[in-house]
Amino acid sequence: MDRTLGGSFRFAPHLALLGALLASGLIGVCSPWIDPYYLDVMKTVGINVILAVSLNLVNGYTGQFSLGHAGFMAVGAYLSAAFTLFVAPHWLGPLGGGPFGQGLLFLTALLGGGLCAALAGLVVGVPSLRLKGDYLALVTLGFGEIIRVIFQNVDFLGGALGLNGIPAYTTIFWVLAFAAVTIFVVVCLVHSTYGRGFLATHDDEIAAEAIGLNTTHYKIVAFVVGAFFAGIAGGLYGHFKQTIAPVGFNFTKSIEIVVMVILGGMGNTPGVVLAAILLTLLPEVLRPVAEYRMILYSFLLIVLMIARPQGLFNFSYRRRKSA
Amino acid sequence: MDPVLAPPAAIPLLSLDRVTIRFGGLTAVNSVDLTVGEGERVGLIGPNGAGKTTVFNLITGVYAPTNGIIRFRGQGLAGLRVDQIVARGIARTFQNIRLFAHLSVFDNVRVACNLHRGTNAAQTLVRLSAFRAEEAAIARRVDSLLEIFNLGRFRDAAACSLPYGEQRRLEIVRALATQPKLLLLDEPAAGMNAAEKIELVRLIQQIQRQFQLSILLVEHSMKVVMGVCQRIIVLDYGLKIAAGSPAAIQSDPKVIEAYLGEDHQKNVAHH
């Protein structure tokens, strides 16, 4: 059996993270020789991995069904874009600064966007996490839409048209590096005595409290960490597409991420990563069939859900039964 | 707890002082007095619906009493959350087993060690030597607990895949991992056969000795109650109708009428 999860801590998450960051750097260095189309697909994949893995901490591990992930993504996207558009020129000067200055600025923008999204997660999470199940789903859906509508009505941030001309700072390196960091944080959180509390909260809240766990704390931490990385993903998305509009962060986007989590197997990080990759690539692979693309995509989704309701890449159910 | 602040031995570990709870028009627990001393094994019995589990829910903070005071080590528990009361040293098991069904046996116990964890959430990410040492210590503690209770061979199995008796035992082990001073057992013998009940009595006595804690036991099986408890409290319709030694309780006519029923009275007459 999987003794690394059991407690004999032989797995070295920091080495894995370091390796992943080096690999991201290497791919970043090689990017001029990679077909721009593939590069763009890879960036989309990476951003979706960040979104799905972070939502999995909330919906999968902690079992709090949130439908507002796109709202937190919007917070990160808008605030980081506003930072690079309105603050950066004062900082970097008219020439746009060197690559190092730009990188530092972009990192600041991303982290700032992520922190603001985390704050939004805290503000939304504290009242709504009192609710459970369907009610929580509805309330988070409502909050996600409220965030979007707020951006739609702030003229300073472009209103319904959104923000344009965002500098294209999102390189493949940043996307892959942040995807690695997201996976690292979620895996490290969950694979610890502390982190088993997320799963315990999911499995049986009453029992979790009866062994001294503050379940409210776990729910809010999951929500805030999830929102933080959604914000990072939003920042990467904005500086990748170079244009953001409120309509891009609507309910459909949240559902898209939820589907990745469910298909990957709730609370199964490798599965969710693979599902995010697969579901991002699928529409691309289906491009040749043109207008039937989304029909086929939906059809495949239905087939996958029927064939593997426990999650496409979730084999632990069977393994546990045999144990 | 600070030894200076520790209450003198005269104060009982747990005391309920005229505790009442009403749900609408129903008085589920009516002005009940109850004490459990250090190292004592107390039984709480009564017919179905007498309010036994409600008393557990009052002690553990699931419900707040309408009237009366619950004290633990001399301090009132009013206003504390369930998890804060566990932190004070009161652990419980449930009438219908509540394990973390999808976690492994190991993780079920491990997650209960969080209460005495010194490292914080951020250290989970940095994983310096202090964190790794503590995780290893917790793993050792969990493994030794599992070995004591003969659950080591199920270590990596999902809790829901365990046989019924082992699930009951695991729930007790999980409660012990919170390092309680008082263990509340809610019908631990439910669904057990005679041989398993004898084993359970032995187990509860062993736990009490080895972990030096007090036990408050709710149980229908007289064999288990008589085998475990030094003192018994009888509830009926939320009222305490009797309290005393097992022998005294067995011969108390009020108890026989309310709890053991008329059949038993006939049996007693026969003997």
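The model is a predicted one, in which local features need pLDDT of at least 70 and side-chain atom pairs count only at pLDDT 80 or more, while totals for chains, interfaces and linings use all residues. Residues are numbered from 1 along each chain as its sequence is written, and chains are lettered from A and ligands numbered from 1 in the order in which they are written.

Next, display chain A as a cartoon. Chain A has 14 helices and zero strands (DSSP runs numbered from the N terminus, helices being H or I of at least four residues and strands E of at least two). Its C-alpha trace spans about 60 × 45 × 45 Å along the principal axes. The radius of gyration of chain A is 20 Å, which agrees with the value near 20 Å for a compact globule of 323 residues (taken over C-alpha atoms; the rule is 2.2 Å times the number of residues to the power 0.38).

Now select A:Ile50, A:Ala52, A:Tyr78, A:Ala233 and A:Leu236, which touch the most other members of the largest nonpolar core, a set of 170 residues (buried Ala, Val, Leu, Ile, Met, Phe, Trp, Tyr and Cys joined through C-beta atoms within 7 Å). Helix H10 (residues 215–241) of chain A gives the most to this core, 15 residues. The core also draws at least three residues from each of domain 1 (1–89 + 180–271) and domain 2 (101–179) of chain B, with bounds from an automatic or database domain assignment. Centre on A:Ala52: leaving aside residues up to four places away in sequence, A:Ala52 touches A:Ile257, A:Met260 and A:Val261, among others.

Turn to the interface, where 32 residues of chain A are in contact with 36 residues of chain B (C-beta atoms, placed from the backbone, within 7 Å). On the side of chain A that touches chain B, H8(A) provides the largest share, five residues.

Finally, select the open sheet of chain B, whose four strands lie in the order E2-E1-E4-E5 with antiparallel pairing (two strands pair if DSSP finds at least two bridges between them). Strand E2 (26–36) and strand E5 (75–76) of chain B each have a single partner strand, so one side of each is left without a neighbour in the sheet. Strand E1 (residues 14–23) of chain B is joined to strand E4 (residues 67–72) of chain B by five bridges. B:Asp17 has B:Ile69 in E4(B) as its bridge partner.

Methods:
Contact = placed C-beta atoms within 7 Å. Buried ≥ 20, exposed ≤ 12 C-beta atoms within 10 Å, placed from the backbone.
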